[in-house]
Amino acid sequence: MKSFVFYPDREAPISCYFFDLKKFLDDQSLSSFGLMLDDLEKQQVNLRKGIFRKRYILAHGLLRKVLGKSLNKGPEDIVYTRNSYGKPGLEHGGINFNMSHSDDLLLICVSKKYRLGVDLQLHKKIENLDTISEEMFSSAEADFMEQQLTINKYNEFFNMWARKEALLKCLGVGLMHNPKTLETFPQGRRSAGAFTEDKSRLPIQIYYGNIKNILSWSIAFISSL
Ligand SMILES: CC(C)(COP(=O)(O)OP(=O)(O)OC[C@H]1O[C@@H](n2cnc3c(N)ncnc32)[C@H](O)[C@@H]1OP(=O)(O)O)[C@@H](O)C(=O)NCCC(=O)NCCS
């Protein structure tokens, strides 16, 4: 596990934990993490098979461990709520969190002050890049990406996708909201702004980046106080 901390302001860090699920695929981890899950999580486990089942158990067990440690509780004592789009929160509050997985990789971020949305995108070969771009990005974003394509086609596509999903997850709506109606544009080496279609700036900040041109990550956050 690798962890890192962002300090949007000095008193309110966002702590992030990056896991490689392959390291937890042993029977002991799977059975102990499985025991931590609630009924809804167990239902979800039963809908999955093979590696997808294992990844679900591990991701949700690890999330419980991170939250339990942050709240000084046992992992099995974490009680979730979910908004109408499925975004999980905590019944008794205390901390904001969000997670994202891409194959064996898992990112979990927690913050006392900031409401979060996070996204991970492994750069996979995509045949229908143009169709996805058309569905996900506004025309201004598509123009921006077009300018970047000559530099590295896949990098900017996945960076942009990760920023968009993190933004939609921060708002709690996910892809139930038309992704084209919200825009993100880089505003520095690692940060981006969030805007509505009519270019009004949203009070949501976005950090993003990519690791070795194979993985894009993004964290969108807004003060919850
Ligand atoms: C949220 C969403 C964008 C995630 O897409 P994804 O790229 O497949 O998945 P990620 O790995 O990045 O994130 C998944 C995690 O985000 C969290 N999440 C789920 N819904 C969320 C939402 N609306 N907002 C923010 N986070 C959400 C969960 O922790 C989820 O983990 P789980 O699937 O293991 O339970 C997508 O599932 C979506 O649009 N959901 C909302 C609409 C929907 O289908 N709702 C059905 C339930 S009411």
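Strand β5 gives the most to the shell around the ligand, with four residues. Strands here are DSSP runs of E with at least two residues, helices are runs of H or I with at least four, and both are numbered from the N terminus. Keep in mind that this is a predicted model: local features need pLDDT of at least 70, side-chain atom pairs count only at pLDDT 80 or more, and totals for chains, interfaces and linings use all residues. Residue numbers start from 1 along each chain as its sequence is written.

**Around the ligand**

- The ligand is surrounded by 20 residues, and the closest are Gly86, Lys87, Ser100, Gly174 and Leu175.
- Two or more residues of the shell come from each of α3, β5 (96–102), β7 (114–122) and α5 (139–171).
- Sorted by class, the shell has nine nonpolar, seven polar and four charged residues. Nonpolar covers Ala, Val, Leu, Ile, Met, Phe, Trp, Tyr, Cys and Pro; charged covers Asp, Glu, Lys and Arg; the others, Gly among them, count as polar.

**Two domains**

- The chain is assigned domain 1 (2–112) and domain 2 (120–223), with bounds that come from an automatic or database domain assignment.
- Their centres, taken over C-alpha atoms, are 24 Å apart.
- Where they touch, domain 1 puts in 17 residues and domain 2 puts in 14 residues. Being in contact takes C-beta atoms, placed from the backbone, that lie within 7 Å.
- On the domain 1 side, β1 (2–9), β2 (12–20), β5 and β6 (105–111) each supply at least two residues.
- That side of domain 1 divides into eight nonpolar, seven polar and two charged residues.
- The ligand shell draws at least three residues from each of domain 1 and domain 2.

**Helices packing on α3**

- Helix α2 (residues 39–46) packs with helix α3 (residues 50–71) at an angle of about 160°, and their axes are 9 Å apart. Axes are lines fitted to C-alpha atoms, for helices over the stretch in contact, and angles run from 0 to 180 degrees between N-to-C directions.
- So α2 and α3 are roughly antiparallel to each other, a label for angles over 145 degrees.
- From α2, Glu41, Gln44 and Val45 meet Arg53, Tyr56, Ile57 and His60 in α3. By class, this contact has three nonpolar, two polar and two charged residues.
- Helix α1 (residues 27–36) has an axis that comes within 8 Å of the α3 axis, and the two cross at roughly 60°.
- Ser29, Leu30, Phe33, Gly34 and Met36 in α1 meet Lys54, Ile57, Leu58, Gly61 and Arg64 in α3. Here the classes are five nonpolar, three polar and two charged residues.

Technical notes
Parallel < 35°, antiparallel > 145°, perpendicular 65-115°, else oblique. Contact = placed C-beta atoms within 7 Å. Near = placed C-beta within 6 Å.
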